[in-house]
Amino acid sequence: MLRRSGPPVNPRPRPEGTPAPRGATTAPGALIAAGRRWAHRPLPTPSPRWRRGPWRATAFTSALRTPALTARLGLVLAGCFGVCLLTGLYSHLVQHPPGWLDLPSRPVRFYQVSQGVHVATGLATIPLLGVKLWAVYPGLFHWPPVRNLAHLVERLSVAALVSAALFEVVTGVFNIAAWYAPMPFFFPSAHYWVAWLATGAIVTHVGVKLPVIRAALRRAPAPPTPDRSDRRDPIPPTGAGWGRRGLLGAVAASVGLVTVTTVGQSLPPLAGLAVLTRRRPGTGPQGVPVNRSARAAGVVALAADSAYRLEVAGPAGTVRLSLPELAALPQHTARLPIACVEGWSADAVWTGVRLRDLAALVGADPDRSAARVESLQPAGRYRASELGRDHLRDPLTLLALRVGGQVLHPDHGFPCRLIAPNRPGVLQTKWVARVIVRVAR
Amino acid sequence: MNRPDVPRPTPPTGSRWRRVLVVGGALTMAYAVVGALTDPDARPVGMLLFLAGVLVAHDVLLLPAVIGLGVLADRHLPPRSRGAVRVLGLATVTLLVVAVPLLVA
């Protein structure tokens, strides 16, 4: 019943007035037809006295608000949301892997690139969404506000769409800024479920508006605005001297500006321009950014304790290794990024023990094992992480003791930390206390 | 929708596509609602408040303010500079959306 709630939406004659074919004479057919008539029964129109302010027919005057503009912006926005959905789903999958799926440890930078794209695309939607909502804003003051029940449902679905789209952009920006106070929920879960809400609302919206979209895109992009002369409009249009091209140029310029001032958080050559970010490559202790410091994690004393022993448990038993014993094992060096879900990432050169060597030490087959890596952190959602078979056997997966040749700074996870390819930063467990190796599935 | 399902020898018509999109989208939205209600981490009431909050903040505060500023600019600025002011305005609002949470946090 959503699909035919407005005359501009569905210009074709409505079929329910025509004699119904065989099907409608059956009970379910008749029931559906009756339900449809009920949903389309006109509701009373409020008195015209109430039609004031933005509800006046002449309230919005810009000649730039056209279906052609709306459809084009909508198309680009749908593409951006699609990119964000796919990259976001990938991150969700990595952090909540289903049992049947062994996520690959290569390409090394796949997670880093996918999340850089997620955040950059999300930020680019800010001006796109803003102008799209500006273009359709008069629709909010439709008169009469509700024609019939089907119209009401359509309007509610549009409200869900606008709300969900704004929610995703705003919570995403808040998360990048690490501003959690105004969000009364756990960000990753809420951002994930509202992404599905937005996706469903977009798909429904495209279905409802399909005829309008088709007509708007079929028409030549025709700028009737080599400016200054939109005379067909009975109301003197505002926005003269501007034109659709100017508006789209402004959107492009804004997208460019927000990209240039943020993308350096994961693209070292542009790090100097990344003024609108919290973390940049090359900053932080030992030249690598940190999200959670040792103090914030409550491990300062535990990490500095000389009685520290790394506990490695496996099929053949448990071994406890002191820091000198760990350093005496074969050391390997790998250049790997810390790639945060918040969009920043930074490369570093890590040196330490291969996790597969530790697995072999406790009698596990390094090619057929998985592991759980636990931190000294007494509490916290990310105090432990799981490593699948592909990550455990990868020779680049290390328990690092050094970064850039220096002993790890406490904020980087001293005495030792996990570092593995193609993996989100929150799962690169720091201050490792225990590794539990088991047979993979 | 009022026709019984026939085998489907015909290629999908526009209206059939619309039906698929509308129903598919509605099912996806339902999945989101059920998911949020059953996820112990999600806090659905907080989410609902925030959903309503961003809608009101945008539709009642931000957008009317931006439109109002645009009207003022149209009234008081010489025609030649209006385009540049609009470009600057949009870029400024965009950057503020990113910068304000960073500064406040």
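Biologist: Contact means heavy atoms within 4.5 Å here, so leaving aside neighbours within four places in sequence, which residues is Phe167(A) in contact with?

Modeller: First, how to read this: it is a predicted model, where local features need pLDDT of at least 70, side-chain atom pairs count only at pLDDT 80 or more, and totals for chains, interfaces and linings use all residues. Residues are numbered from 1 along each chain as its sequence is written, chains are lettered from A and ligands numbered from 1 in the order in which they are written, and side-chain values use heavy atoms, with hydrogens and water left out.

Modeller: Now Phe167(A): in chain A its contacts are Gly172(A), Phe185(A), Ala190(A), His191(A) and Val194(A), and in chain B they are Met47(B), Phe50(B), Leu51(B) and Val54(B).

Biologist: Which residues touch the most other members of the largest nonpolar core?

Modeller: Leu123(A), Trp134(A), Phe167(A) and Met47(B), in a core of 60 residues. A nonpolar core is a set of buried Ala, Val, Leu, Ile, Met, Phe, Trp, Tyr and Cys residues joined through side-chain atoms within 4.5 Å. Buried means under 20% relative accessible area, exposed over 50%, and partly exposed in between, with a 1.4 Å probe and protein chains only.

Biologist: Which elements give two or more residues to this core?

Modeller: In chain A, helix 2 (67–95), helix 3 (110–136), helix 4 (149–176), helix 5 (187–218) and helix 6 (243–260); in chain B, helix 1, helix 2 and helix 3. Helices (H or I, at least four residues) and strands (E, at least two) are DSSP runs, numbered from the N terminus. A second, separate core has 29 residues, including Ala371(A), Leu376(A), Cys416(A) and Val432(A).

Biologist: OK, the interface. How many residues does each chain put into the contact?

Modeller: Chain B puts in 50 residues and chain A 72 residues. The area buried between them is about 5,300 Å², with 75% of it from carbon and sulfur atoms. Buried area is the accessible area (1.4 Å probe) that two parts lose on being put together, summed over both.

Biologist: How many salt bridges are there between chain B and chain A?

Modeller: One. A salt bridge is a side-chain nitrogen of Lys or Arg within 4 Å of a carboxyl oxygen of Asp or Glu. Here the partners are Asp41(B) and Arg381(A), at 3.1 Å from N to O.

Biologist: And which elements give two or more residues to the side of chain B that touches chain A?

Modeller: Helix 1, helix 2 (44–76) and helix 3 (79–104) of chain B. Helix 1 of chain B gives the most, with 15 residues. By type, that side divides into 31 nonpolar, 10 polar and nine charged residues.

Biologist: What does Ser189(A) touch, leaving aside its neighbours within four places in sequence?

Modeller: Asp39(B), Asp41(B) and Ala42(B). Ser189(A) sits in helix 5 of chain A and is buried, at 8% relative accessibility.

Biologist: Back to salt bridges. How many are there over all chains?

Modeller: The count is 17. In one of them, Asp394(A) pairs with Arg106(A), the closest N and O atoms being 2.8 Å apart. Asp394(A) lies in the loop between helix 11 (389–393) and strand 7 (398–403) of chain A, and Arg106(A) in the loop between helix 2 and helix 3 of chain A, so the pair ties together parts that are 288 residues apart in sequence.

Biologist: Is Asp394(A) buried or exposed?

Modeller: Asp394(A) is buried, at 4% relative accessible area, while Arg106(A) is partly exposed at 39%.

Biologist: What about the peptide bond from Arg106(A) to Pro107(A), cis or trans?

Modeller: That bond is cis, with omega near -5°. Another cis bond joins Phe414(A) and Pro415(A), with omega about 10°.

Biologist: Last one: where is Trp431(A)?

Modeller: Trp431(A) is in the loop between strand 9 and strand 10 of chain A. Its phi is near 50°, a positive value in a residue other than glycine, and Trp431(A) is buried at 1% relative accessible area.

How values were computed: Contact = heavy atoms within 4.5 Å. Nonpolar A, V, L, I, M, F, W, Y, C, P; charged D, E, K, R; others polar.
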